[in-house]
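My notebook is open and the viewer is loaded. Here is what I looked up, entry by entry.

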Amino acid sequence: MRKTMGWRTVGALCLSLMCGALGGCDEQPVPDVAAAVEQPPEAREGEICGANADCAANELCSTPVDACGREGVCAWIPEVCDRTRDPVCGCDGKNYDNACFASQAQVSVKSMGTCGPPPCFSNSDCAATSYCAKATGDCGGGGTCKARPTLCSGLFKPVCGCNKATYANACKANSVGVSIFKSGGC
């Protein structure tokens with residue numbers, strides 16, 4: 001078994017009263033038990049992998065940030081993580097307080113910061129008061145759920161909706177849950 005250890009001195013642990021009562025403290029290094037990590041003989045740390053199954057039980061197939069599903073390298077799963085809040089979005093689409101917690105869940109980091117909302121593809125993916133807003137002309141693509149406008153101006157600037165109907169303006173189309181196919185009538 002391969003083992004790595006951190007070290008600290010007993011002197012850092014001795015209080016002056018205790019050291020005085022015991023006749024002084026030796027400054028001998030002792031193993032830092034919290035930093036001790038054992039690696040089994042079947043460990044594959046640093047080897048190229050395509051999935052967690054390619055690595056040992058206490059490792060994950062770690063990919064670079066924003067490289068989900070690509071080739072990675074086997075990396076140890078930390079036993080203890082710092083509680084520092086530095087949110088990351090995991091390749092599983094879930095939020096983690098920091099990259100260490102994502103590693104403990106055997107998940108690589110997709111992006112720094114929290115995950116955005118999942119994309120919608122139709123109004124049924126959104127709340128009743130929202131619609132699936134898509135980029136102009138991308139009627140079949142993914143969008144984001146946005147609240148349907150409840151008040152629209154009387155401005156006449158026609159648009160063609162993704163449903164191939166003409167609306168007086170984009171706000172009027174969006175208020176009935178329709179994204180824009182193009183400017184102008186259909």
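**Entry 1: Lys164**

I began with Lys164, which is exposed at a relative accessible area of 54%. For my own record, buried means under 20% relative accessible area, exposed over 50%, and partly exposed in between, with a 1.4 Å probe and protein chains only. I am working on a predicted model, where local features need pLDDT of at least 70, side-chain atom pairs count only at pLDDT 80 or more, and totals for chains, interfaces and linings use all residues. Residues are numbered from 1 along each chain as its sequence is written, and side-chain values use heavy atoms, with hydrogens and water left out.

I placed Lys164 in the loop between E11 and E12. Helices (H or I, at least four residues) and strands (E, at least two) are DSSP runs, numbered from the N terminus. Phi of Lys164 is near 65°, a positive value in a residue other than glycine. Most residues other than glycine have a negative phi, so I made a note of this.

What does Lys164 lie over? I found the face of Phe181 there, with the ring centre at 3.6 Å. The rule I used is NZ of Lys or CZ of Arg within 6 Å of the ring centre and within 35 degrees of the ring normal.

**Entry 2: the sheet around that loop**

I then followed the strands and found an open sheet of 3 strands, ordered E12-E11-E13, with antiparallel pairing. Strand E12 (166-167) and strand E13 (180-183) are the edge strands, each pairing on one side only. Two strands pair if DSSP finds at least two bridges between them. I read 3 bridges between strand E11 (residues 159-161) and E13. Among the residues I checked, Gly161 has Ile180 as its bridge partner in E13.

**Entry 3: Gln106**

I located Gln106 in the loop between helix H2 (99-104) and strand E8 (109-112). Gln106 counts as partly exposed, at 34% relative accessibility.

**Entry 4: disulfides**

How many disulfides does the structure hold? I have 10 in my notes, taking a disulfide as a pair of cysteine sulfur atoms within 2.5 Å. I looked into several of them.

- Cys49 is joined to Cys61, S to S 2.1 Å. This pair links strand E3 (residues 48-49) with strand E4 (residues 59-62), 12 residues apart. The S-S torsion is about 100°, so I logged the disulfide of Cys49 and Cys61 as right-handed. Cys49 is buried at 3% relative accessibility, and Cys61 is buried at 7%.
- Cys89 is joined to Cys115, S to S 2.0 Å. Cys89 lies in strand E6 (residues 88-90) and Cys115 in the loop between E8 and strand E9 (130-133), so parts 26 residues apart in sequence are tied together. Both Cys89 and Cys115 are buried.
- Cys152 and Cys171 have their sulfur atoms 2.0 Å apart. Left-handed or right-handed? I found a torsion of about -75°, so the disulfide of Cys152 and Cys171 is left-handed. Cys152 is partly exposed at 27%, and Cys171 is partly exposed at 23%.

**Entry 5: whole protein**

I counted up 3 helices and 13 strands. Buried residues make up 26% of the 186 residues.
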